Amino acid sequence: MEYADHPIVALFRQRAEQLDAAREPRDADEAIVKLAVWMSENIDRLDGDDIEALVQVGGSMFREQLRRRMIRRVK
C-alpha cells in the first residue's frame, strides 16, 4: 500500500480540505501546541515508538513553521 492510499493519510487530507474550505489560517502553532500538550498529558501511556513517531511529526511541523516565518521576514 502506498502512503497516499493509507486511510489515516486520507483523514489528514480530508481535514486539510475542510480547513481550506473554512479559510482557516495556515499557522501551525496551535496544532503544534495541541500535540505537545496532548503528549505531555498522555506520556505515561505512550511507548518509545509512539513517542518517537509523535516527536517526528511535531519536529517536522515545527521546522516547517519556522521555515514559513523566515520566508515571511524576507518578503
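Guide: This is a predicted model. The chain averages a pLDDT of 91, and 97% of the residues score at least 70.

Start with the layout. The chain has three helices and zero strands. Read along the sequence, the pattern is α-α-α. The radius of gyration is 15 Å, well over the 11 Å that the globule rule gives for 75 residues, so the chain is more spread out than a compact globule. Its C-alpha atoms fill a box of roughly 40 × 30 × 20 Å along the principal axes.

Helix α1, residues 7-21, has the lowest mean pLDDT, 92. Helix α2 has the highest, 95.

Now for the close look. Find helix α2 at residues 29-42 and helix α3 at residues 48-74. Their axes lie 10 Å apart. The two helices pack at an angle of about 155°. An angle over 145 degrees counts as roughly antiparallel. Therefore α2 and α3 are roughly antiparallel to each other. Their crossing is left-handed.

Which residues make the contact of α2 with α3? From α2 come Asp29, Ala31, Ile32, Leu35, Trp38 and Met39. From α3 come Ile51, Leu54, Val55, Val57 and Gly58, together with Met61, Phe62, Gln65 and Arg69.

Eleven are nonpolar. Two are polar, and two are charged.

Helices α2 and α3 are roughly antiparallel, with a left-handed crossing. Nonpolar residues number eleven in their contact.

Conventions:
Residues numbered from 1 in each chain as written. Predicted model: local features only at pLDDT ≥ 70, side-chain atom pairs only at ≥ 80, totals over all residues. Heavy atoms only, no water. Axes fitted to C-alpha atoms, helices over the stretch in contact; angles between N-to-C directions. Helix = DSSP H or I, 4+ residues; strand = E, 2+ residues; numbered from the N terminus. Parallel < 35°, antiparallel > 145°, perpendicular 65-115°, else oblique. Left-handed = near helix turned anticlockwise from the far one by under 90°. Contact = heavy atoms within 4.5 Å. Nonpolar A, V, L, I, M, F, W, Y, C, P; charged D, E, K, R; others polar. pLDDT = per-residue confidence, 0-100. Rg over C-alpha atoms; globule rule 2.2 N^0.38 Å.
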